[in-house]
Amino acid sequence: MHEDDLAAAEAVHLSSLTAAEADGDERTIEAALRPRTLAEVVGQVRVRDQLGLVLEAARRRGRAPDHVLLSGPPGLGKTTLAMIIASEMTSPLRLTSGPAITHAGDLAAILSGMNEGDVLFVDEIHRMARPAEEMLYMAMEDFRVDVVIGKGPGATAIPLDIPPFTLVGATTRAGLLPGPLRDRFGFTAHLEFYEPHELDTIIHRSAGLLGVDLEVDGAAEIASRSRGTPRIANRLLRRVRDYAQVRADGVVTLPVARAALDLYEVDELGLDRLDRAVIDALCRRFGGGPVGVSTLAVAVGEERETVEEVAEPFLVRNGFLARTPRGRVATPAAWEHLGLKPPPMPAVTDGDATLFED
Ligand SMILES: Nc1ncnc2c1ncn2[C@@H]1O[C@H](COP(=O)(O)OP(=O)(O)OP(=O)(O)O)[C@@H](O)[C@H]1O
Ligand SMILES: [Mg+2]
């Protein structure tokens, strides 16, 4: 899925609470809330430490750092980290995305314009065209590309050296990256969902930047319902602030946060409409599964990618859904969350369930 599609899907996914999200203003706000340095990054402690070391070592050697792959569900900070890598190295950042690279020539044009030490960020790198991917292997390893001039029998390949650069790839689906590409990254970081106390810190920081009057337990309530995702935490904060301003005295207290989040249909565990629709379809329509993800997606009226990349990681991580070789299966927790009785035979057995992506 194209990044914009994914963003749009996520917006739809957040349903009513994102009516204003398409509006550029909110995007500007999101950009303003991004941490600018590694030290400002909240959570992801291991990734931060490891990445800090990679960057510091490169700085001492006066070289471009090794290529970095960032993977993880939407909104956990991949783009943010890519920007931080460039700014920590005081290097220019060039941005592109897999879907924008439809021909090897698109990539050749980008690579041939690179300067030494530049950081090239390729978002949704798993969606790049295959011939471009092959060109990228050589560029990553040997800092060289073969530029093909002309067409047909008269075409000639001209080898072109490119200055050492750092590729930062981001993907929501590391499992879809071909092995040879994955292996050429010197450092791979898998971003995990955030703990409520980390989201709490993020929400307080954002409230400070946005000038929102936020009480401690109001923040905790938003944090616990943010699906482990900073982007969602920041959005919910803004929606709760709207509610506080229109229906209360502007202060985000616990009762205000609760009332607002109920209004926006974000439940106590952070599940939103799509999450609930998925487990609801799984339990009520398919008896708890196993059911194929495409069928499940049709049942909830969404794209397969949206179900797989947006809803499932959170549901799996929170033990509501298991991915098995035969299809998706609801766990007893999913039945209970819907207020239903789990079927007598547990749908998930140890040898069957796999919690791994793809
Ligand atoms: N570690 C963090 N600390 C504080 N805020 C964060 C952190 N990570 C992300 N954010 C906030 O969450 C927002 C979304 O992050 P970002 O755009 O980097 O996610 P992403 O992983 O690139 O998502 P996508 O897969 O949709 O492109 C940012 O605007 C930033 O404000
Ligand atoms: Mg991104």
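His197 counts as exposed because its relative accessibility is 55%, where exposed means over 50%, buried under 20% and partly exposed in between (1.4 Å probe, protein chains only). The model is predicted, so local features need pLDDT of at least 70 and side-chain atom pairs count only at pLDDT 80 or more, while totals for chains, interfaces and linings use all residues. Residues are numbered from 1 along each chain as its sequence is written, chains are lettered from A and ligands numbered from 1 in the order in which they are written, and side-chain values use heavy atoms, with hydrogens and water left out.

- His197 belongs to helix H8 (residues 196-210); helices (H or I, at least four residues) and strands (E, at least two) are DSSP runs, numbered from the N terminus.
- Between His197 and Ser224 there are 8.4 Å in space, C-alpha to C-alpha, and the two are 27 residues apart in sequence.

**Ligand 1**

- Ligand 1 is surrounded by 20 residues, and the closest are Gly75, Lys78, Thr79, Thr80 and Arg231; a residue is near a molecule or strand if one of its heavy atoms lies within 4 Å of it.
- By class, this shell around ligand 1 has nine nonpolar, six polar and five charged residues. Ala, Val, Leu, Ile, Met, Phe, Trp, Tyr, Cys and Pro count as nonpolar, Asp, Glu, Lys and Arg as charged, and the others, Gly among them, as polar.
- An N or O atom in the side chain of Arg231 is 2.9 Å from an oxygen atom of ligand 1.
- Asn234 has a polar side-chain atom 3.3 Å from an oxygen atom of ligand 1.
- Two or more residues of the shell around ligand 1 come from each of helix H2 (24-33), helix H4 (78-88) and helix H10 (230-247).

**The open sheet**

- Five strands form an open sheet with parallel pairing, in the order E2-E3-E6-E1-E7; two strands pair if DSSP finds at least two bridges between them.
- Strand E2 (93-97) and strand E7 (187-190) are the edge strands, each pairing on one side only.
- Five bridges join E2 and strand E3 (residues 119-123) in the parallel sense, and Ser97 stands opposite Asp123 in E3.

**The hairpin**

- Strand E4 (residues 144-149) pairs with strand E5 (residues 156-161) in the antiparallel sense over six bridges.
- Opposite Ile149 stands Thr156 in E5.
- Six residues lie between the strands of this hairpin of E4 and E5, and Gly150 takes a positive phi near 85°.

Methods
A polar contact is a pair of N or O atoms within 3.5 Å; within protein, one must be able to donate a hydrogen and the other to accept it, and residues adjacent in sequence count only if both atoms are side-chain atoms.
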